Amino acid sequence: MAKSGVLETIPCTVTKATELKKELEKLVKAILDEEDYRVEATDEAMRVLSVLKELKFKKSLKMVDDTVVPEEFKCPISREIMGDPVVLATGQTYDLPFIQRWLNEGHRTCPQTQQVLSHTILTPNHLVREMISQWCKERGIELPRPAKDVDEVRTDADRGHLKSLLEKMSSSLSDQKEAAKELRLLTKRMPSFRALFSDSTDAIPKLLNPLSPGRANTHPDLQEDLITTVLNLSIHDNNKRLAAENPLVIPLLVESVKSGTIETRSNAAAAIFSLSALDSNKLIIGKSGALKPLIDLLEEGHPLAMKDAASAIFNLCLVLENKGRAVREGAVRVILKKIMDCIFVDELLAILAMLASHQKAVEEMGELGAVHCLLGIIRESSSERNKENCVAILHTICLNDYSKLRDIREEENAKGTLSRLAESGTSRAKRKANSILERLNRAASLTHTA
């Protein structure tokens, strides 16, 4: 009998697969034919491929499920047909990923017999594998594929445990807090538990059920555990799109950047950083109003939170639309002040260099005294990357405002800062420094001629 709620009927699966293939064909054609195709198209194509792969696997599972599988072909832990049977020291046969996970968790006994193991060497059971292969072939069933990532194998016991924990999210406050703490721990320690959330579209909404929008910090300890769980989930690639496209997640993360314990706020920023790995998510997060609270968190200056806030701002500003949002929300002033105070200089210079492609940002930098600050870093820093970012920003400022050449000329006459960089910097730093020096020379010639 098929597993209710998990496996679809084969005709339905075939129909869905056909529709997905048509969708994939359109996406691939757009990517190949259009010079300036949307980045989201590649993400969508990858998602469709992933769903097709899952449907193929489910179809195979369905066929196995409708057939009586000999007990000796099933793994005693997963109770599913084995893809990579191995023999334990006690002589029992298990599917490799499941018994390996058992051993990785620190167990040194046989799951079936409870005998203490004399060693933990796992020997391939070629005979059973050949028997399974022949049995599948005779019935037209696809041979189970060995799991590539032992840490991500999911068992029915795991699924049942997750279900019971999520049910507690609709129970009493004490049950919610207890379940939230356990979910935070499990999703931190077990990649397989993180992966379980990608198997169900309603798992994340159930997880966040106790957090009411606008009042997420009513119970700060509960908020911290749930937001940290979202951070843990975001590490798993299959959860990134699932989380960002859920209407609850981003608004709750943005709210949690604004209010909550400092660990909650820091972890919310870290979750935004993790989810923004996908370009399509960068746009969703940018439109949600996340940049202002991230900039405010950076400005507050708490050591635990600043790095996460800066990392999230950097990632989001890789998309053009978000650069403008960051500039409008005061990023230049906050970042430049931190750099002048010698705080997170490396990370913040990288953001400032990125924002320098925005006209308003460059104007603000000139008004806020960036020239002297950047020249000072070039003069005193031992980081070649920082010097390169500084001279690149200075180059853009000079292109935008010729009056700043006067300040640079004074520095050059007194200390030869750019001349030294033009001789010993990175190749990009040399190019930018030489370009500024050429402008200085041309300006001097024009002045002299006049």
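Biologist: Leaving aside its neighbours within four places in sequence, which residues is T264 in contact with?

Modeller: This is a predicted model, in which local features need pLDDT of at least 70 and side-chain atom pairs count only at pLDDT 80 or more, whereas totals for chains, interfaces and linings use all residues. Residues are numbered from 1 along each chain as its sequence is written, and side-chain values use heavy atoms, with hydrogens and water left out.

Once neighbours within four places in sequence are set aside, T264 is in contact (heavy atoms within 4.5 Å) with P220, Q223, E224, I227 and S256. T264 itself lies in helix 12, which covers residues 262–275; helices are DSSP runs of H or I with at least four residues, and strands are E runs of at least two, numbered from the N terminus. Because its relative accessibility is 0%, T264 counts as buried, the limit being under 20%, with over 50% exposed and partly exposed in between (1.4 Å probe, protein chains only). The side chain of T264 is also joined to that of T261 by a polar contact of 2.8 Å, that is, a donor and an acceptor among N or O atoms within 3.5 Å.

The axes of helix 12 and helix 15 (residues 303–316) come within 8 Å and cross at roughly 25°, on a scale from 0 to 180 degrees between N-to-C directions, with axes fitted to C-alpha atoms over the stretch in contact. Helix 12 and helix 15 are therefore roughly parallel to each other, a description for angles under 35 degrees, and their crossing is left-handed, the near helix being turned anticlockwise from the far one by less than a right angle. From helix 12, I262, E263, S266, A269, A270, I272 and F273 take part, and they meet L304, A305, D308, A309, S311, A312, N315 and L316 of helix 15. Sorted by type, the residues of this contact are 10 nonpolar, three polar and two charged.

As for the setting, the protein chain has 24 helices and three strands, and buried residues make up 46% of its 450 residues. Of the contacts in the protein chain with a separation of 6 or more, 67% are accounted for by residues 24 or more positions apart.

Key
Parallel < 35°, antiparallel > 145°, perpendicular 65-115°, else oblique. Nonpolar A, V, L, I, M, F, W, Y, C, P; charged D, E, K, R; others polar.
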